[in-house]
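Subject: Structure handover

Hello,

Here is the structure I said I would pass on.

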Amino acid sequence: MTGPQARPEPVVKRTRISAAWVAAIVGVLVLILLLIFILQNQASATVNFLWMSGSLPVGVGVLLAAVGGALLVALLGAARILQLRHRFRKANGGRHQA
């Protein structure tokens, strides 16, 4: 204590906007790291998929694979959310609750 009338500092609660800012900053940092990775991996590689064949830089190939994986995860997450909404509506008789 610094004196007889020391008051505790007020606690600032986190908000959705502050979380969005943190997510945006983290996203920018990840994009910078991805850009560095792509620029450092410019060696060409041959890629074969089904009947298609082509050549592209290794960094771009890894980036495309990561984007494909992210899309798959997003698709599965969206399916799960729709499943939970359906169960919620079925359990509540179709009534909407805010």
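The notes below go from the whole chain to its parts.

Please keep in mind that this is a predicted model.

Overall form. The chain holds 2 helices and 2 strands, and from the N terminus the order is α-β-β-α. Its radius of gyration is 24 Å, whereas a compact globule of 98 residues would have one near 13 Å. The C-alpha trace spans about 75 × 55 × 15 Å along the principal axes. Buried residues account for 4% of the 98 residues. The accessible surface is about 9300 Å², and carbon and sulfur atoms hold 69% of that area.

Val11 lies in the segment before α1. Its relative accessible area is 75%, so Val11 counts as exposed, the cut-off being over 50%. Between the C-alpha atoms of Val11 and Ala45 there are 54 Å, with the two residues 34 apart along the chain.

Helix α1 covers residues 16-40, and Ile17 is part of it. Ile17 has a relative accessible area of 57% and is therefore exposed. Ile17 also contributes to a nonpolar surface patch of about 830 Å².

Hairpin. Strand β1 (residues 44-49) pairs with strand β2 (residues 52-57) in the antiparallel sense, over 6 bridges. Within this pairing, Ala45 is opposite Leu56 in β2. The two strands make a hairpin with 2 residues between them. Leu50 sits in the turn and has a positive phi of about 50°.

Annotations from the record. The UniProt entry, which is unreviewed, lists "transmembrane region" at residues 20-39 and 59-82. In the model, residues 20-39 are 100% helix and 0% strand, with 28 Å between the end C-alpha atoms. Residues 59-82 are likewise 100% helix and 0% strand, and there the end C-alpha atoms are 35 Å apart. The unreviewed entry also gives "domain: Lipopolysaccharide assembly protein A" for residues 40-92. That stretch is 66% helix and 23% strand in the model, and its end C-alpha atoms are 55 Å apart.

Regards

Definitions and conventions
Residues are numbered from 1 along each chain as its sequence is written. This is a predicted model: local features need pLDDT of at least 70, side-chain atom pairs count only at pLDDT 80 or more; totals for chains, interfaces and linings use all residues. Side-chain values use heavy atoms; hydrogens and water are left out. UniProt positions are given in the numbering used here, feature names are shortened, and annotations may be inferred rather than shown by experiment. Helices (H or I, at least four residues) and strands (E, at least two) are DSSP runs, numbered from the N terminus. Patches are made of residues with over 30% relative accessible area and no salt bridge: like charges are joined within 9 Å, nonpolar side chains (Val, Leu, Ile, Met, Phe, Trp, Tyr) within 5 Å. Accessible areas come from the Shrake-Rupley method with a 1.4 Å probe; for residues, only the protein chains shown count as cover. A salt bridge is a side-chain nitrogen of Lys or Arg within 4 Å of a carboxyl oxygen of Asp or Glu. Buried means under 20% relative accessible area, exposed over 50%, partly exposed in between (1.4 Å probe, protein chains only). Two strands pair if DSSP finds at least two bridges between them. The radius of gyration is taken over C-alpha atoms; the globule rule is 2.2 Å times the number of residues to the power 0.38.
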